[in-house]
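These are my notes from going through one structure entry by entry. I began with the overall form and then turned to the side chains.

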Amino acid sequence: MTATELKAKTPEQLREQLLALKKEAFNLRFQQATGQLENTARMRAVRRDAARVKTVLNQKAAEAAAN
């Protein structure tokens, strides 16, 4: 997922995606704790995707506040 794709979405869609990413991160942490996690790189990717979504949400909020 790229920032360009995220900028095209509405804030509500971004919040939904952030919620889904947080759920996935929780499940990955749970799998790691129980020794079932196979793709450890996915944890990093999910964390970074969540950070991207948060960044775009903050940019949209700042833009809305400026107008």
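**Entry 1: overall form.** I looked up the radius of gyration first. The protein chain has 14 Å, whereas a compact globule of 67 residues would have a value near 11 Å. I note here that the model is predicted. I then took the extent of the C-alpha trace, which spans about 50 × 15 × 15 Å along the principal axes of the protein chain.

**Entry 2: secondary structure.** I counted three helices and zero strands in the protein chain. Read along the sequence, the pattern is α-α-α.

**Entry 3: contacts and surface.** Of the contacts in the protein chain with a separation of 6 or more, 64% are between residues 24 or more positions apart. I then checked burial, and 22% of the 67 residues count as buried. The accessible surface of the protein chain comes to about 5000 Å², and carbon and sulfur atoms hold 51% of that surface.

**Entry 4: the nonpolar core.** I kept the general expectation in mind: in soluble globular proteins, nonpolar side chains tend to be buried together. Which residues have the most contacts inside the largest nonpolar core? I found Leu14 and Val53, in a core of 13 residues. Both α2 and α3 supply at least two residues of this core. The largest share comes from α3, with six residues.

I followed valine 53 further. Leaving aside its neighbours within four places in sequence, I listed its contacts as Met1, Leu6, Leu14, Gln17, Leu18 and Leu21. Leu14, the other residue named for the core, is therefore also on the contact list of valine 53, where a contact is heavy atoms within 4.5 Å.

**Entry 5: salt bridges.** I searched for charged pairs next, as side chains of opposite charge can pair when their charged atoms come close. The structure holds three salt bridges. I took them in turn.

The side chains of arginine 15 and glutamate 12 meet at 3.4 Å, N to O. Arginine 15 has a relative accessible area of 45% and is partly exposed. For glutamate 12 I read 45% as well, again partly exposed.

For arginine 42 and glutamate 24 I read a salt bridge of 2.8 Å, N to O. Arginine 42 is partly exposed at 30% relative accessible area. Glutamate 24 is partly exposed too, at 25%.

Arginine 52 and aspartate 49 form a salt bridge of 2.7 Å, N to O. I found both in helix α3, three residues apart, about one turn of the helix. Arginine 52 is partly exposed, with a relative accessible area of 32%.

**Entry 6: aspartate 49.** I went back to this residue on its own. Is aspartate 49 buried or exposed? Its relative accessibility is 10%, and aspartate 49 counts as buried because the cut-off is under 20%. I confirmed its place in helix α3. What is in contact with aspartate 49, leaving aside its neighbours within four places in sequence? I listed Met1, Leu21 and Arg42. Met1 and Leu21 are also among the contacts of valine 53, and arginine 42 is the salt-bridge partner of glutamate 24.

**Entry 7: aromatic rings.** I closed with the rings. A pair of aromatic rings is described by the distance of the centres and the angle of the planes. I counted one aromatic pair. Phenylalanine 26 is partly exposed at 46% relative accessibility, while phenylalanine 30 is exposed at 52%.

Key
Residues are numbered from 1 along each chain as its sequence is written. This is a predicted model: local features need pLDDT of at least 70, side-chain atom pairs count only at pLDDT 80 or more; totals for chains, interfaces and linings use all residues. Side-chain values use heavy atoms; hydrogens and water are left out. A salt bridge is a side-chain nitrogen of Lys or Arg within 4 Å of a carboxyl oxygen of Asp or Glu. Buried means under 20% relative accessible area, exposed over 50%, partly exposed in between (1.4 Å probe, protein chains only). Helices (H or I, at least four residues) and strands (E, at least two) are DSSP runs, numbered from the N terminus. Rings of Phe, Tyr and Trp (its six-membered ring) pair if their centres lie within 6.5 Å; planes under 30 degrees apart count as stacked, over 60 as edge-to-face and the rest as tilted. A nonpolar core is a set of buried Ala, Val, Leu, Ile, Met, Phe, Trp, Tyr and Cys residues joined through side-chain atoms within 4.5 Å. The radius of gyration is taken over C-alpha atoms; the globule rule is 2.2 Å times the number of residues to the power 0.38. Accessible areas come from the Shrake-Rupley method with a 1.4 Å probe; for residues, only the protein chains shown count as cover.
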